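Me: I would like to learn how to read the features of a model such as this one, taking the helices and a few individual residues in turn. Could you give me the general idea each time, and then the case at hand?

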Amino acid sequence: MSGYVRNLAVAARQAQSVIAACSGAQRRALLEDMAAQLLEGHASILSANALDMQAAREGGASSATLDRLLLDAARVQGMAAALREVAAQPDPFGQITRSDTRPNGVQVQRQRIPLGLIAMIFEARPNVTAEAAALCLKAGNAVLLRGGSEAAHSNAAIATCLHAALRNAGLPTAAVSLITDTAREHVLELLQLTDLVDLAIPRGGESLIRFVAEHARVPVIKHYQGVCHLYVDRAANSDNALALLLDGKTSRPGVCNALETLLVHRDIADAFLPAALAALKQRGVQVRGDAVTQAFDASVVAASDADYAAEFLDLIIAVRVVDSLDAAIAHIQQYTSDHTEVIVTDDAAAADAFVRAIRSSAVMVNASSRFNDGGQLGLGAEIGISTTRLHAYGPMGVESLTIERFVVHGSGQVRHPNLLSSPIQ
């Protein structure tokens, strides 16, 4: 190993203790200034992003990748807004979440503290540079960022703005460290730093996440895929179902909370599917369906088992007609990636049964899959969506970047008082 990443991690670890020593007010002011610096530096950010976009187009990047990579004025403003929203959130650092007094008079507390140094390994999305930094700093952590080469210029421009705010506050810029050399061997080096890195969070395609999970010696929170389902129950409102289908599939098909599979109860198929298939076709969506679905529209392609397990990230959707709620649940349990599942129904009992049976990180009842997002769920931003059942599940905000420890207050209590009165041998 070259030592390049270790040196960055050592500096970031030292910077974390400085960030943790700041007051909540200081960290809030830092994030507010970071938001201001992003807006002030928007021209340089957009110029850098234009270079990345040009290289991606010339390299034949997919439309989904180009969409994730793109920054425009509205998205830069969105980044700044996300940082301000994170800044305004309650400070979790030091929060007492439980306090009990034991029979012997000892007071036992649970207190939130930072995780320490977070390694963020991500592809394409340059907004992650700003949002991951904000979330980590708000919780008292430092962050070591390794973005993909496809967003190198954008990430560097954003990091420059964040470093300006750190300097303005008299804080070490190493608290937000960017690995500018994107060679794969540096990722391997990063994943071995068990003495420095407390948690690695990969955010990107399945191949990246599997690479991190297979090579890491540090703890990893994973998010492999977003195979998200919409189930239209027999008691569904058809207008609501159509709205949720179109929003979930066509608003931004290249994101992880986009719909990939539509399940329709047989009793409502005649009333719902013709209009749904026509609306999808009108918006350029290719439908891959079972024989029942194909009977409604000759343009529907026969679906395979692989289609029902696929994260298309494109204007493609798999459709199946099911005989019952239980059949829909069984399908989801077989193919789920534990990301987001949606039920459309006016039957409260069916909704309750669906929620209890589905184990995914977010379950939506008559609401779009696109709401499984940190900003939409009130977190301000997210560092990722965990589909790993550890201390965090679903979108990870500031609170998910802390852990709880025990703090015990006593007045001289000992566990073995008899030892004090025993004669010394």
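Reply: Let us begin with burial: a residue is called buried under 20% relative accessible area, exposed over 50%, and partly exposed in between, with a 1.4 Å probe and protein chains only. The model is predicted, so that local features need pLDDT of at least 70 and side-chain atom pairs count only at pLDDT 80 or more, while totals for chains, interfaces and linings use all residues. Residues are numbered from 1 along each chain as its sequence is written, and side-chain values use heavy atoms, with hydrogens and water left out.

Me: Which residues of α7 are buried?

Reply: Helices (H or I, at least four residues) and strands (E, at least two) are DSSP runs, numbered from the N terminus. In α7 the buried residues are S154, N155, A157, I158, A159, C161, L162, H163, A164, A165 and L166.

Me: What span does α7 reach from its first C-alpha to its last?

Reply: The expected span of a helix is 1.5 Å times one less than its number of residues. Helix α7 (residues 152-168), with 17 residues, reaches 24 Å, close to the 24 Å expected at 1.5 Å a residue. Just after α7, G170 adopts a positive phi of about 70°.

Me: At what angle do α2 and α6 pack?

Reply: Axes are lines fitted to C-alpha atoms, for helices over the stretch in contact, and angles run from 0 to 180 degrees between N-to-C directions. Angles under 35 degrees count as roughly parallel, over 145 as roughly antiparallel, 65 to 115 as roughly perpendicular and the rest as oblique. Helix α2 (residues 24-40) packs against helix α6 (residues 127-138) at an angle of about 165°, their axes being 9 Å apart, which makes α2 roughly antiparallel to α6.

Me: Which residues of α2 and α6 meet?

Reply: Contact means heavy atoms within 4.5 Å. On the α2 side R27, L30, L31, M34 and L38 take part, and they meet A130, A134, L137 and K138 in α6. For classes, Ala, Val, Leu, Ile, Met, Phe, Trp, Tyr, Cys and Pro count as nonpolar, Asp, Glu, Lys and Arg as charged, and the others, Gly among them, as polar. The contact of α2 with α6 accordingly has 7 nonpolar, no polar and 2 charged residues.

Me: How do the axes of α8 and α9 cross?

Reply: The axes of helix α8 (residues 184-191) and helix α9 (residues 206-215) come within 9 Å and cross at roughly 45°, and the two helices are therefore oblique to each other. R184, V187, L188 and L191 of α8 make the contact with F211, V212 and H215 of α9, and by class it has 5 nonpolar, 1 polar and 1 charged residues.
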